[in-house]
Amino acid sequence: MKIMNCPFNGPRNSSEFTCFGPVRPPIDPDTADDAAWSRHMFQLDNTPGVIREWWRHTPSNYFFIAERNTVTDEIVATYEPAALHGKAITPKEITPKEIMP
Amino acid sequence: MQAMAKRRTPLGLSYAPPNVPSPARLVPATSGGLDVTLRDLTACDRLGLKGRGASGWLSARGLALPQSNCRAAVSAHVDAVRLGSEDILLLPRSPEHPEGIQQLRADWQVATDVRKGFDALREETWAWFHIGGPDVFHLMSMTCPVDLGLERFLPGRVAQTRVAQMDCIVVRSDRAGGPGFDLFFDVTSSAFMRDSLTVLASAS
C-alpha cells in the first residue's frame with residue numbers, strides 16, 4: 001500500500017487522497033484573451049518530473065500541496081498551502097536525470 | 001420562544017429509534033465470531049459548528065477547545081471533537097444526558113454574533129455508531145488502515161480516515177467502562193456500515 005503524508009492527519013493510505021491538479025499561477029479573466037483563458041480552463045502541461053499539485057485528504061476535506069514526480073509517481077514532499085506564500089508556484093526545474101528512469 | 005422542531009435523519013424514526021439503545025452484540029455469542037457490541041446513537045443529540053467564527057464563539061463562552069484531531073471535555077456534560085481549525089463537533093458526555101448540548105444549541109441559535117460559524121447539521125447527515133467489546137481492536141484492525149491499537153490510539157484521539165471503504169471519523173471513546181470507538185459517517189450508508197462490521201465479526 002502506498003503511503004502519503006498529509007500535513008494535517010499524518011501518514012495515510014493513498015486511497016484516502018484525491019488529486020486536484022497542478023498548482024498554476026492565477027489568470028486574470030478580465031485581461032486574458034480567449035486563447036489564454038481556454039488554455040487555462042481546459043489544458044494542462046502534463047510536465048514530466050517533479051511538479052507541485054493540489055491534493056485533498058478526502059475524509060477530512062483538507063487541501064494541501066504535494067510535490068510529486070509524474071514519471072516515477074514518487075511523492076517528494078507535502079506541506080500546507082500557506083507554505084506557498086512567498087514562493088514561486090511554477091514547477092521545479094526538471095533535469096534529464098529526473099525525467100529518465 | 002417557540003420550541004424548535006427536532007430534526008431527524010433522512011431515513012426517519014424507522015431507522016433511528018428515539019431512545020438511546022443498549023449495546024448489542026454484532027453476532028450472537030452462540031455463533032462464534034468476535035465479541036463486539038454496537039450502539040446506534042444516530043438519534044442522539046450532537047451539534048456541529050463549522051466556518052469562520054465557530055471556534056471564537058465557543059471560546060467566548062468559556063469552552064477550552066482541544067487541538068485539531070483531538071477530543072476533550074469542555075464542560076460538565078459536553079465534549080468537543082475538533083476536526084479542523086473551524087470545524088468542531090460537540091457531543092454529550094453521556095448520550096442519556098443531552099441537556100448540555102441542547103442548551104448550547106439554543107444559545108447558538110439565538111446568538112446575534114456576526115461570526116458564529118454555521119450549523120453543519122451533523123445530527124442529520126452523519127450516523128453515529130459506538131462499537132466496543134473485548135475484540136473491538138481486532139475488528140477495527142481489519143477494516144481501518146490507521147493503527148488504532150489500545151496503547152497507540154489513546155482515549156481522546158481522533159482519526160479522520162476510512163472504515164469499511166467509507167470516509168469515517170473515528171474517535172476513541174471509552175463508554176460503559178470499556179474501550180471503544182465512536183464512528184461518524186454518511187448517514188445514508190448506515191445499513192452498509194452495520195452489515196460490513198457484522199460480516200467481519202462473523203468471519204473471524
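The model is predicted, so local features need pLDDT of at least 70 and side-chain atom pairs count only at pLDDT 80 or more, while totals for chains, interfaces and linings use all residues. Residues are numbered from 1 along each chain as its sequence is written, chains are lettered from A and ligands numbered from 1 in the order in which they are written, and side-chain values use heavy atoms, with hydrogens and water left out.

Q: Which pattern does chain A follow along the sequence?
A: Helices (H or I, at least four residues) and strands (E, at least two) are DSSP runs, numbered from the N terminus. Chain A has two helices and six strands. Read along the sequence, they give β-β-β-α-β-β-β-α.

Q: What percentage of the residues of chain A count as buried?
A: Chain A has 101 residues. The share of them that count as buried is 30%.

Q: Is A:P29 buried or exposed?
A: Look for A:P29 in the loop between β3 and α1 (34-42) of chain A. Its C-alpha is 9.9 Å from that of A:H40, and the two are 11 residues apart in sequence. With 51% relative accessibility, A:P29 counts as exposed.

Q: How many residues apart in sequence are the parts that A:F17 and A:F64 tie together?
A: Rings of Phe, Tyr and Trp (its six-membered ring) pair if their centres lie within 6.5 Å; planes under 30 degrees apart are stacked, over 60 edge-to-face, and the rest tilted. By this rule there are nine aromatic pairs over all chains. In one of them, A:F17 and A:F64 sit edge-to-face, 5.8 Å centre to centre with 80° between the planes. A:F17 is in strand β3 (residues 17-22) and A:F64 in strand β5 (residues 62-69) of chain A, so the parts tied together are 47 residues apart in sequence.

Q: What is the relative accessibility of A:F64?
A: A:F17 and A:F64 belong to one aromatic cluster with A:F8 and A:Y62. A:F17 is buried, at a relative accessible area of 8%. A:F64 counts as buried too, with a relative accessibility of 0%.

Q: Which strand of chain B holds B:F181?
A: B:F137 and B:F181 form an edge-to-face aromatic pair, with centres 5.5 Å apart and 80° between the planes. B:F137 is buried, and so is B:F181. The pair ties together parts 44 residues apart in sequence, because B:F137 lies in helix α4 (residues 136-143) of chain B and B:F181 in strand β11 (residues 180-186).

Q: How far is the charged end of B:R122 from the centre of the ring of B:W126?
A: A charge sits over a ring if NZ of Lys or CZ of Arg is within 6 Å of the ring centre and within 35 degrees of the ring normal. B:K116 does this over the face of B:W108, at 4.4 Å from the ring centre. For B:R122 over B:W126, the distance is 4.0 Å.

Q: Is α4(B) roughly parallel or roughly perpendicular to α5(B)?
A: Axes are lines fitted to C-alpha atoms, for helices over the stretch in contact, and angles run from 0 to 180 degrees between N-to-C directions. The axes of α4(B) and helix α5 (residues 190-203) of chain B come within 10 Å and cross at roughly 115°. Angles under 35 degrees count as roughly parallel, over 145 as roughly antiparallel, 65 to 115 as roughly perpendicular and the rest as oblique. That makes α4(B), relative to α5(B), roughly perpendicular.

Q: Which residues of chain A is B:P145 in contact with?
A: B:P145 is found in the loop between α4 and β9 (158-163) of chain B, and is partly exposed at 40% relative accessible area. Leaving aside neighbours within four places in sequence, B:P145 touches B:T161 and B:R162 and also, in chain A, A:N13 and A:E16.

Q: Is A:E16 buried or exposed?
A: A:E16 lies in the loop between β2 (10-13) and β3 of chain A. Neighbours within four places in sequence aside, its contacts include A:R56, A:H57, B:P145 and B:Q160. With a relative accessible area of 0%, A:E16 is buried.

Methods
Buried means under 20% relative accessible area, exposed over 50%, partly exposed in between (1.4 Å probe, protein chains only). Contact means heavy atoms within 4.5 Å.
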